[in-house]
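Subject: Structure handover

Hello,

Here is the structure I said I would pass on. Please look through it before reading my notes.

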Amino acid sequence: MRTETQLIAAAQDGSADAFAELVQFYRDKLLRFLLTRCASYADAEDALQDTMINAYRYIRSYDPRWRFSTWLYRIAIRNAGKLQRPGVVELGDLRDEESDPLLQCIKASETENLWLSARRLLNDEVYAAMWLRYVEDLSVNDISVALDRSVSWTKINLMRGRQVLDAAMNETEKTSEAYG
Amino acid sequence: MDKLANRLRHDAENIDAKVSDELDRRVRASLNGVTPLTDQQATAPPVRPAGFWWASSLTGIAAAVAVIAIVNSEQEAPVPQATPADIFAVMPRIDLKTETAMMTSPLQQELDALQSDIRKAERRVREEIGL
């Protein structure tokens with residue numbers, strides 16, 4: 001079994017199979033992330049496919065100083081951004097419960113999934129920062145690179161995101177206790 | 001790990017999305033049709049055709065000449081000129097009860113004569129009212 005570094009080197013030499021093996025670990029998580037930024041499941045799949053193609057096309061410009069996931073998410077965020085053209089109404093406003101891909105994919109639970117609250121309460125960039133921090137375990141530096149933002153901006157917005165979601169979590173817990 | 005971090009991680013795992021076999025096939029087929037770009041290709045700015053700069057310069061010059069020609073060829077709009085007759089027609093007539101001064105001497109002498117006349121008139125008024 002080859003290591004990530006070996007797979008990257010093979011992909012840089014033009015091996016599509018090595019690249020496919022390299023992204024195997026990330027693709028499900030990337031799809032989950034893209035679901036929150038796209039209007040439909042099909043759009044999220046298209047965005048994932050575009051991300052993979054762009055990542056492979058530019059694999060030789062990958063800088064090993066950063067984690068591979070940081071680089072991959074940076075491309076995914078740019079691809080998802082292209083789907084949200086300026087001047088178009090926010091996707092969140094157009095979604096209804098039946099077509100919302102995130103709602104469709106969330107398993108039934110007693111409490112509301114916190115990522116639904118996050119999508120409602122945070123803007124796209126802060127949402128992405130929170131996802132990269134708490135799902136992907138990226139460092140603040142890596143997140144700032146992925147989002148193309150300064151380290152201080154990332155720190156401040158992670159803190160604000162935490163405060164907002166902490167309050168939302170406490171609120172849902174109180175509500176469920178009251179009804180429980 | 002704190003409570004919020006645990007909850008966020010747990011809820012992310014509860015999003016049930018997996019790459020389907022069909023999507024996997026699609027992605028692999030797309031990757032086989034792509035060749036990684038070299039470093040130079042990946043970072044190089046887009047190359048313009050050789051005549052691009054000449055064409056854009058000529059277009060700019062032509063546009064500037066056209067604008068100058070249009071601006072200079074336009075005739076100035078005639079400025080309406082108000083005649084004295086028009087002004088007098090508009091202005092209200094004021095009747096001034098004045099007498100034309102008869103200037104027969106130099107101004108200083110005229111002034112002295114007028115002041116003298118005023119003093120005489122003042123003296124006459126005082127006498128008439130008994131002061």
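Predicted model: local features only at pLDDT ≥ 70, side-chain atom pairs only at ≥ 80, totals over all residues.

Residues are numbered from 1 along each chain as its sequence is written, and chains are lettered from A and ligands numbered from 1 in the order in which they are written.

The contact between the chains involves 34 residues of chain A and 28 residues of chain B, where two residues are in contact if their C-beta atoms, placed from the backbone, lie within 7 Å. On the chain B side, helices H1 (3–13), H2 (21–32) and H3 (39–43) each supply at least two residues; helices are DSSP runs of H or I with at least four residues, numbered from the N terminus.

Helix H2 of chain A (residues 16–35) packs against H2(B) at about 140°, with the axes 9 Å apart. Axes are lines fitted to C-alpha atoms over the stretch in contact, and angles run from 0 to 180 degrees between N-to-C directions. In H2(A), Ala16(A), Phe19(A) and Ala20(A) meet Arg28(B), Leu31(B) and Asn32(B) of H2(B).

Helix H6 of chain B (residues 107–129) has 23 residues. The number of them that are buried is zero, so H6(B) lies largely in the open; buried means that 20 or more other C-beta atoms, placed from the backbone, lie within 10 Å of the residue's own. After H6(B) comes Gly130(B), with a positive phi near 85°.

Regards

Notes:
Expected span 1.5 Å × (residues − 1). Buried ≥ 20, exposed ≤ 12 C-beta atoms within 10 Å, placed from the backbone.
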